[in-house]
Structure formats: structure tokens, C-alpha cells
Amino acid sequence: MPFAKRIVEPQWLCRRADADEEGLLLQDLCAFSNVALSRTLRQLSDLAKHACSLFQELEHELVATNRRVCALREKMSRIQETTGALDPKQEAV
């Protein structure tokens, strides 16, 4: 599993200068809380995207591991069949 592929950090939700991105002042509490809510939702959606890609990578790794385990299981069963067919009294050691 790869180490530190992603760095996810929270962003400041309500920090602002004299004017916000559109150049409008947030003077009332309703506008300020709407901006905070929209920024919170955006951060949650970004976090959900990161979680989705992380779970997809984990799923791909688990599928690859499952294929390797199945191949090893088949090899072990063939070896068991071969060794079970041998007669220890007839084979030279």
C-alpha cells in the first residue's frame, strides 16, 4: 500500500478579507452563514472524492491479492496431488 499519496487538510471556512470572492461585503449573518455552509459542503464533497478514489485503489489491490492467492491455491493443490500419487516405498530418497 502506498504511503502518503494524498494530503487532505481542512480549509478555513469563514476567514475573509474586507470583501469576499465576488467583491461583495458579507454584512448580515444570513449571508455569512450561507457562505460558510457552501464552503463546508464543498469541503465535504472534496473529502468524499478522496475517499472514493482511496476505496477504489483498495478494491483494486484486494482483487489483485485475491487473484494471487487463487493461483497459489491451485499450485498447492497440484503439488498435493503429485505428492499424494507418489509411493514412498518405491521412490529413492
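Reply: The chain has an accessible surface of about 8700 Å², and 61% of that area belongs to carbon and sulfur atoms; such areas come from the Shrake-Rupley method with a 1.4 Å probe, and for residues only the protein chains shown count as cover. This is a predicted model, in which local features need pLDDT of at least 70 and side-chain atom pairs count only at pLDDT 80 or more, while totals for chains, interfaces and linings use all residues. Residues are numbered from 1 along each chain as its sequence is written, and side-chain values use heavy atoms, with hydrogens and water left out.

Of the 93 residues in the chain, 5% are buried (buried means under 20% relative accessible area, exposed over 50%, partly exposed in between, with a 1.4 Å probe and protein chains only). The chain has one helix and zero strands; helices (H or I, at least four residues) and strands (E, at least two) are DSSP runs, numbered from the N terminus.

The end C-alpha atoms of α1 are 83 Å apart, which agrees with the 84 Å that its 57 residues should span at 1.5 Å a residue (the expected span is 1.5 Å times one less than the number of residues). Within α1, the buried residues are Val35, Ala36 and Arg39.

Leu37 also lies in α1, which covers residues 29–85. Leu37 counts as exposed because its relative accessibility is 51%.

A search of the whole structure finds zero disulfides (pairs of cysteine sulfur atoms within 2.5 Å).

Lys5 is found in the segment before α1 and is exposed, with a relative accessible area of 54%. The C-alpha atoms of Lys5 and Leu54 are separated by 9.6 Å, although the two residues are 49 residues apart along the chain.
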